[in-house]
Structure formats: C-alpha cells, structure tokens
Amino acid sequence: MSGSSPDSAGNSVDPDIQAHAPRAERPAGPARTAAQAPPAVYEPLLTLQAASVSFGTTRALQDVNLRLLRGERLALVGANGSGKTTLLRLLHGLQAADRVTDRRHGAAQNAATPSAAQPAAERPRTEHLLQPENRPPISAMVFQRPFLLHLSVRWNVLLGLWLQGVPAAQRDARCQQALQRVGLGTLAHRPARALSGGQQQRLALARAWALQPDILFLDEPTASLDPSAKQEVESLVREFADDGVTVVMSTHNLGQAKRLATRVAYLAGGRLVADRPVDEFFDSPDLPVEARQFLKGELPWLT
Ligand SMILES: Nc1ncnc2c1ncn2[C@@H]1O[C@H](COP(=O)(O)OP(=O)(O)OP(=O)(O)O)[C@@H](O)[C@H]1O
Ligand SMILES: [Mg+2]
C-alpha cells in the first residue's frame, strides 16, 4: 500500500455482499454531474485482507492485501497470468476468495475456507465502508471484450438498468444520458454487435456509467483498440474519475497507467509485490526486481 494512505478503520469487502448490494436504494434521478459528485476525499472504500484465489492447483492470487481509497485511480500491472483479471473479478464480486481475513470493527479473525455447501451467510466475509447514503458501494465492471447482447445499443443499456433495479420511469432518461455521454446517442437503435470495436467499448462504458457506480473496474479496456479509439476511451475514463468514480483498471500499457492512474500496483505470480503512487512507481529506485524488469520489458517467460 502507499505510504501516504491513512490508516483503515478495518472495513473490508465481501464479494458476495458486493455483488448483491441493494441497487434500488441508489438515489433516484439523473446520473451525477461533476458539480454533484462527492469530493475526492481519500478515505478507504474497500479493504481486502490476505485474499487468495485458487483454480484447482493454480494459485491465481496469494495473500493479497489491498485498500482502495475513495477517488483513487488504481492501475494493476503485471505479466500475463499474474492475477490482474482475477483480482478485478474478486473485487467486483464475480469471483469468491479461498480465504479472507475478516477485520470487522478492527477485530481480526481468520476465516475458514468457503465451500459450496456453506450457506452464503456463514462464508468468510469482509465488509465495505458504507457510502454517505448508508449503503454499500455500487460497482460496475467493463471487460476486455465487451459482452453485448444481440439487441440494440439502447436495449443493452436498458437491460443493465432493469437488472440493477432502477425504476422503469427513470430508465429511458438514464439510458439516453449515458449514450449521449459516450457519443452514441445517434446510434441508439443500431444492433449493438454491429458497432465497431471502439464503439462497443464505449457502449460498455455507457452501460457501466448508467448504473451510477461508486467504483468502476476495467479489465484492459483498450487492449484491442486503435490509437484514436484508445484515446476516446481514456478520455471517458478520465471524465468518470472526474465525476468522483473510483477506478481500478488492469493494463499492459504503461503509458496509459501513467496517464490515468494515481497509484500503480504490480502483481507477480498472484502476489501484489509493489503498490505505490504513480510517480514513485515509475521513478522509484527500490522497486522489487520483477517490477523493475517488467518496466524495462526484460521479464523472462514463465510457464
Ligand atoms: N477460470 C479459470 N480456471 C483456471 N485457471 C484460471 C482461471 N482464471 C484464471 N486462471 C489462472 O489464474 C492465473 C491468473 O490469471 P489472470 O487471468 O487473473 O491473469 P492476468 O494477469 O489477468 O493475465 P493477462 O495479462 O493475460 O490477462 C493464471 O495462471 C490463469 O491461467
Ligand atoms: Mg487479464
């Protein structure tokens, strides 16, 4: 963690809880504007303590500690297979952890390994810091290849709002606003899968933004885009961050990490081995050796 971070109150995140946060409690009305956005106050939003994730004998994540502060833009970097996507999925609630240390109210306890037989209520869990409105943070995720339904652009956004529990009377306005925000207002009735790669990624961002998330998770959001589409998506991410959305993104593009992130975390073999403010990460003489090799493009292939 960054040395400049304040001490956490011990709040931590349970992906199971997070995935089922009471969306309908979100205040009604149009999406936030910069003027209405919460101030980018650096306070802990999520805390992950000693989280591990295994797939059979593969340890995708090992004892990861991460504290995410409100208003941060965290870039996850690391070689292929280092655990970036798994960490994003864990934080977003799509992936369960093997073991999480629960530090609710500051009392640390080691939780047992969850099993499918265990009811959700008994599984190890950690919790979020509640939002000022006394609700868990809302998160949205944009994947490397956007998952779009065989429907119009508009319906892809509307269905996301319906799933979120947004009242019917608000869905149209929020959908339109989100599509206009990403420059797809005039393509609302086009089949989503007929859009170009860059437009599809913008649609995925609109769908996420329409949910008015507190945290936006992005998995290599510009990996397959040409330079101009890449720039468009980067500007949108920056705009969302300016609106007060906390951003966690994985990227192989170090320039992008420099341009967008306030903090960079480096993963190697499922471990979070460096976590620094962005300037320190790129200029620090005392980075762990793997991270230095990665920055120089000299990491050996691992099998
Ligand atoms: N569903 C899965 N089943 C089995 N193994 C998996 C699964 N998902 C990830 N893994 C393994 O977990 C490890 C971490 O994978 P992950 O996708 O998180 O890495 P990554 O850093 O996102 O890689 P990349 O840069 O290639 O996207 C890898 O060894 C991968 O093979
Ligand atoms: Mg990945």
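Visitor: Is H5 mostly covered or mostly uncovered, and how many of its 14 residues are buried?

Guide: Keep in mind that this is a predicted model. For burial, you count neighbours: a residue is buried if 20 or more other C-beta atoms lie within 10 Å of its own. By that count, H5 is mostly covered, with 12 of its 14 residues buried. Among them are Leu-203, Leu-205 and Trp-209, along with Arg-202 and Arg-207.

Visitor: What covers the buried residues of H5?

Guide: The cover includes strands E6 (139–142) and E7 (215–219), plus helices H3 (153–163), H4 (168–181) and H6 (227–242).

Visitor: And what does H5 span from its first C-alpha to its last?

Guide: You compare the reach with what 1.5 Å a residue would give. H5 runs over residues 197–210 and reaches 20 Å, close to the 20 Å expected.

Visitor: Which residue with a positive phi follows H5?

Guide: Here's the general idea: most residues other than glycine have a negative phi. In this structure, Gln-212 comes after H5 with a positive phi near 50°. Ala-50, in strand E1 (residues 44–55), has a positive phi as well, near 45°. Asp-63 sits in strand E2 (residues 58–69), and its phi is positive at about 45°.

Visitor: Why does Ala-50 count as partly exposed?

Guide: Partly exposed falls between the cut-offs, 20 or more for buried and 12 or fewer for exposed. Ala-50 counts as partly exposed because it has 16 C-beta neighbours inside 10 Å. Asp-63 has 14 such neighbours inside 10 Å, so Asp-63 counts as partly exposed too.

Methods
Residues are numbered from 1 along each chain as its sequence is written. Chains are lettered from A and ligands numbered from 1 in the order in which they are written. This is a predicted model: local features need pLDDT of at least 70, side-chain atom pairs count only at pLDDT 80 or more; totals for chains, interfaces and linings use all residues. Helices (H or I, at least four residues) and strands (E, at least two) are DSSP runs, numbered from the N terminus. The expected span of a helix is 1.5 Å times one less than its number of residues. Two residues are in contact if their C-beta atoms, placed from the backbone, lie within 7 Å.
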